[in-house]
Amino acid sequence: MPKAAELKKGHIVQINSQPYIVSQIEVKSPSSRSGTTLYKVRFNHVQTKQKLDQSFTGDDILTFIDFQKRPVQFLYLDADGYTFMDNEDFAQFTLTADQLEDQLPYLHDGIEGLYGLLVEGNLVGIELPAVVEMAIEETPPAIKGSSASARTKTARFATGLEIQIPEYLETGEVLRINTESGKFMSRA
């Protein structure tokens, strides 16, 4: 039985006898000495995708639901949604854009390290790798004669993701991006 302080994005818990997946966690630390840290958590229902917001203290106990975490591969996008294949038994699953929401900007052809979260044989979500490598599709050129300060510019990727990168990087370079924070890490 995990405590609320141990929750992570992608965990599946039981609330009111229903399965919910953690989609967002906001930690609020109090300013007073006797205050307890609050965890404001946004859940999405596994089947209906209905949102549920709840607040917990760090010691509140939640019930995890039994699920399988299996390696999957992103195959293609069509009118039905995003199709993934289980790497072990080659079963195919389709998720809608609403089910993937915050993960869409990182999904691209050839992405490696994806894991599918299966509850009772149904794919309910995916877990992204901590770092993805993507090529810059468009970014403005560096300004000649600019100072040596750490200036940044916006880079756009094929998935629609836009992040701030150092000014010296150019279109076509492959970058490592942290999927948790959405920030530039390094060249690949």
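**Strands, turns and one buried lysine**

Modeller: Ser17 is exposed, with a relative accessible area of 59%. The model in which this value was computed is a predicted one.

Colleague: Why is Ser17 called exposed?

Modeller: A residue is called exposed when its relative accessible area is over 50%. Ser17 has 59%, so Ser17 is exposed.

Colleague: What makes the phi of Ser17 worth a remark?

Modeller: Most residues other than glycine have a negative phi. Ser17 is not a glycine, yet its phi is positive, at about 60°. Ser17 is placed in the loop between β1 and β2.

Colleague: What is known of Asn16, in phi and in exposure?

Modeller: Asn16 has a positive phi of about 55°, although it is not a glycine either. Its relative accessible area is 67%, and the cut-off is over 50%, so Asn16 is exposed. Asn16 also has its place in the loop between β1 (12–15) and β2 (18–28). These two strands form a hairpin with two residues between them.

Colleague: How do you know that β1 and β2 are paired?

Modeller: Two strands pair if there are at least two bridges between them. β1 and β2 have four bridges, in the antiparallel sense, so they count as a pair. Within this pair, Ile12 has Ile21 in β2 as its bridge partner.

Colleague: What makes β1 and β5 a pair?

Modeller: Between β1 and β5 (residues 63–64) there are two bridges, and at least two are required, so these strands pair; the sense is antiparallel. Gln14 has Thr63 in β5 as its bridge partner.

Colleague: Which strands form the open sheet, and in what order?

Modeller: Five strands form it, in the order β13-β12-β11-β14-β15, with antiparallel pairing.

Colleague: Why are β13 and β15 said to stand at the edges?

Modeller: β13 (162–166) and β15 (183–187) each have a single partner strand, so one side of each is left without a neighbour in the sheet. Neighbouring strands of this sheet are turned by 55° against each other on average, direction ignored.

Colleague: How do you know that β12 and β13 pair?

Modeller: Five bridges join β12 (residues 152–157) to β13, and at least two are needed, so the two strands are paired; they run antiparallel. Thr152 stands opposite Pro166 in β13.

Colleague: Why is Lys153 said to have no salt bridge?

Modeller: Lys153 is found in strand β12. A salt bridge needs a side-chain nitrogen of Lys or Arg within 4 Å of a carboxyl oxygen of Asp or Glu. For Lys153 the nearest side chain of opposite charge, Glu167, is 6.6 Å away, so there is no salt bridge, although Lys153 is buried.

Colleague: What makes the approach of Lys153 to Leu169 a polar contact?

Modeller: The cut-off for such a pair of N or O atoms is 3.5 Å. A polar atom of the Lys153 side chain lies 2.7 Å from the backbone oxygen of Leu169, so the distance is within the cut-off. Leaving aside its neighbours within four places in sequence, Lys153 is in contact with several residues, including Thr139, Pro140, Ile163, Ile165 and Glu167.

Colleague: How many helices and strands does the whole protein have, and what share of its residues is buried?

Modeller: The protein has one helix and 15 strands. Buried residues make up 37% of its 188 residues, buried being under 20% relative accessible area. Along its principal axes the C-alpha trace spans about 60 × 55 × 25 Å.

Note on methods: Residues are numbered from 1 along each chain as its sequence is written. This is a predicted model: local features need pLDDT of at least 70, side-chain atom pairs count only at pLDDT 80 or more; totals for chains, interfaces and linings use all residues. Side-chain values use heavy atoms; hydrogens and water are left out. Axes are lines fitted to C-alpha atoms, for helices over the stretch in contact, and angles run from 0 to 180 degrees between N-to-C directions. Buried means under 20% relative accessible area, exposed over 50%, partly exposed in between (1.4 Å probe, protein chains only). Lys and Arg count as positive and Asp and Glu as negative; His and the chain ends are not counted. A polar contact is a pair of N or O atoms within 3.5 Å; within protein, one must be able to donate a hydrogen and the other to accept it, and residues adjacent in sequence count only if both atoms are side-chain atoms. Contact means heavy atoms within 4.5 Å.
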